Amino acid sequence: MSAEVAELMEQVSPYLTAALGAYGGAVLTRSEDATVDASANLGRHILHTVWCRRSEVDQSALETAVHDAAEDTEDADAAAALRQQVKRALRDDAGLRRELIGLLPEPSGTVTISASGTRAIAAHSIGTAITGDNARTDK
């Protein structure tokens with residue numbers, strides 16, 4: 001799975017959970033509900049968009065996964081099966097990936113990163129950074 005798909009799945013998963021909690025198994029057939037919070041409505045929209053872009057066979061598999069996950073929102077296996085269906089759709093369809101990225105809200109807040117000085121580094125997120133003269137990675 002590409003890093004892009006993995007990152008997108010991480011972003012959409014909370015919306016899918018919210019949609020299942022608010023709409024249940026009818027999430028693919030119901031219209032947007034003004035009384036439901038924005039996260040759930042976005043999740044409904046995401047699932048419906050994925051569903052519309054799939055073949056008839058894949059739509060049926062997605063519907064089954066949605067119903068199973070909605071039946072028991074605490075069932076980790078059912079939630080994983082639904083995520084797998086969405087992930088497969090994203091992996092197969094670059095246009096769908098672009099469309100869902102466009103649906104997601106812009107990240108809130110501004111990140112400012114600064115570095116100054118000789119051999120200084122700056123990063124928004126980083127696992128390990130080893131710098132300096134004669135730097136070593138052994139412990």
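**Reading buried charges and salt bridges**

Guide: Let's start with Asp58, which counts as partly exposed at 25% relative accessibility. This is a predicted model, where local features need pLDDT of at least 70, side-chain atom pairs count only at pLDDT 80 or more, and totals for chains, interfaces and linings use all residues. Residues are numbered from 1 along each chain as its sequence is written, and side-chain values use heavy atoms, leaving out hydrogens and water.

Visitor: Is Arg54, the salt-bridge partner of Asp58, buried or exposed?

Guide: Buried means under 20% relative accessible area, exposed over 50%, and partly exposed in between (1.4 Å probe, protein chains only). Arg54 is buried, at 13%.

Visitor: Which residues form salt bridges with Arg54?

Guide: A salt bridge puts a side-chain nitrogen of Lys or Arg within 4 Å of a carboxyl oxygen of Asp or Glu. Arg54 meets Asp58 at 3.1 Å, N to O, and Asp92 with the closest N and O atoms 3.7 Å apart. Asp92 sits in helix α4 and Arg54 in the loop between α2 (38–52) and α3 (56–71), so this pair ties together parts 38 residues apart in sequence. Asp92 itself is exposed, at 51%. Salt bridges with shared partners also join Arg53, Asp93 and Glu99 into one network.

Visitor: How many salt bridges does the structure hold?

Guide: There are 5. One of them pairs Arg97 with Glu4, at 3.3 Å between the closest N and O atoms. Arg97 lies in helix α5 and Glu4 in helix α1, so the pair links parts 93 residues apart in sequence.

Visitor: How accessible are Arg97 and Glu4?

Guide: Arg97 is buried, with a relative accessible area of 14%, whereas Glu4 is partly exposed, at 40%.

Notes:
Helices (H or I, at least four residues) and strands (E, at least two) are DSSP runs, numbered from the N terminus.
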